[in-house]
Amino acid sequence: MNWFSKLFASKEKEISDPMKKFLIVGLGNIGAEYVNTRHNIGFKILDFFAKKESISFQTAKLGDIAEFKIKGRTLIFLKPNTYMNLSGKAVKYWMEKENISKENILVITDDLNLSFGSIRIKPRGSDGGHNGLKNIQLLLNTVDYPRFRFGISDAFKKGKQVDYVLGEWSDEEKENLIERLEISSQIITSFALAGLNETMNQYNGK
């Protein structure tokens, strides 16, 4: 094999290397009525990243998909169109289609147990009562996948959890959201380039 053939072969191997491919999943509900709700922070973070990097989503099977390449890595962004409680169907389909291991997926979701804008990245964990995570856990048959929880706080009265989660951000939250979205987009890039542990060390608690 001459040097040119070797170079081409190594380039091809690099492109197809599954360790350099990542699935970034933002959880949310489809429909205009949900766009600015707290429960849709996963969609909002991916949309912010896409706008910042001038990439666009295309409707595909079980969700909207966008692709972003950086330093030899390929990031596939997924916004499931299955509604929140069936998110696992889309995640499993795209993991298998793109041959992405569970270590290379990052699921972004809202969390009532964290104060507004707080960040917690973990390699595994329970669903915490979140229907999207619950369905992903069920269909992947594991709790061992990285997740990025974005705090929305629990500032609701007893019996009003659903209204709060599906409610829109307050004016104060909207003002502070841009800075939080910027940090969230940095987390996505760090996850792909620096890895999960480094990303947790740098961003947890920020």
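In this predicted model, Arg38 is placed over the face of Tyr164, with 4.0 Å separating it from the ring centre. A second contact of this kind has Lys79 over the face of Phe57, at 4.3 Å from the ring centre.

**The Tyr93 and Trp94 pair**
- Tyr93 and Trp94 make an edge-to-face aromatic pair, in which the ring centres are 5.3 Å apart and the planes stand at 85 degrees to each other.
- Tyr93 has a relative accessibility of 25% and therefore counts as partly exposed, whereas Trp94 counts as buried because its relative accessible area is 6%, and the cut-off for buried is under 20%.

**The Phe116 and Phe150 pair**
- Phe116 and Phe150 also form an edge-to-face aromatic pair, with 6.3 Å from centre to centre and 85 degrees between the planes.
- This pair joins distant parts of the chain, since Phe116 belongs to the loop between strand E5 (105-111) and strand E6 (119-122), while Phe150 lies in strand E7 (residues 147-151), the two being 34 residues apart.
- Phe116, at 22% relative accessibility, is classed as partly exposed, whereas Phe150, at 0% relative accessibility, is classed as buried.

**A cluster of rings**
- Phe49, Phe68 and Phe77 are linked into a cluster by ring pairs.

Technical notes:
Residues numbered from 1 in each chain as written. Predicted model: local features only at pLDDT ≥ 70, side-chain atom pairs only at ≥ 80, totals over all residues. Heavy atoms only, no water. Phe/Tyr/Trp six-rings, centres within 6.5 Å; stacked < 30°, edge-to-face > 60°. Buried < 20%, exposed > 50% of the residue type's maximum accessible area, 1.4 Å probe, protein only. Helix = DSSP H or I, 4+ residues; strand = E, 2+ residues; numbered from the N terminus. Lys NZ or Arg CZ within 6 Å of the ring centre and 35° of its normal.
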